[in-house]
Amino acid sequence: MCINNKQLNKLIIKNNYYQLKVKESGVLKTTFRTTYEHYEFLVMPFGLTNAPTTFMNLMNRVFHEYLDLCVVVFIDEILVYL
C-alpha cells in the first residue's frame, strides 16, 4: 500500500502577497489616479517591482529557525518535511 502525501506537504502561498502591508512611507509611492478618484495600495500589489523578493525575505525571516531542517520556502509555496 502506498499513500501519496504530496498535497498535504505543500502550502500554496501565491495569494498571500496581498496580505503583506506596504510601509506607511511607501503608500504615497503607490498612489494612482483614475477618471473618478485617487487610489493607493495599502497592501503589496503583485505587479510591483520586488514584491516576490520582499515576500520571500519575509518568509525566510518567519521560518528562519526551521529552514533546511524541516522547511523549504519557495516563491509561491512552503514545503514541510520530516
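**Exercise 1.** Is phenylalanine 41 buried, partly exposed or exposed?

The model is predicted: local features need pLDDT of at least 70 and side-chain atom pairs pLDDT 80 or more, while totals for chains, interfaces and linings use all residues. Residues are numbered from 1 along each chain as its sequence is written, and side-chain values use heavy atoms, without hydrogens and water.

Step 1. Buried means under 20% relative accessible area, exposed over 50%, and partly exposed in between (Shrake-Rupley method, 1.4 Å probe, protein chains only).
Step 2. Phenylalanine 41 has a relative accessible area of 33%, so this residue is partly exposed.

**Exercise 2.** Classify the ring pair of phenylalanine 32 and phenylalanine 41.

Step 1. Rings of Phe, Tyr and Trp (its six-membered ring) pair if their centres lie within 6.5 Å; planes under 30 degrees apart are stacked, over 60 edge-to-face, and the rest tilted.
Step 2. The centres of phenylalanine 32 and phenylalanine 41 are 5.9 Å apart and the planes stand at 40 degrees, so the pair is tilted.
Step 3. Ring pairs join Phe32, Tyr39 and Phe41 into a cluster.

**Exercise 3.** Describe strand β3 (residues 38–39) by the exposure of its residues.

Step 1. Histidine 38 is exposed at 55% relative accessible area, whereas tyrosine 39, at 38%, is partly exposed.
Step 2. Beyond neighbours within four places in sequence, histidine 38 contacts (heavy atoms within 4.5 Å) Phe32 and Arg33.

Terms used: Helix = DSSP H or I, 4+ residues; strand = E, 2+ residues; numbered from the N terminus.
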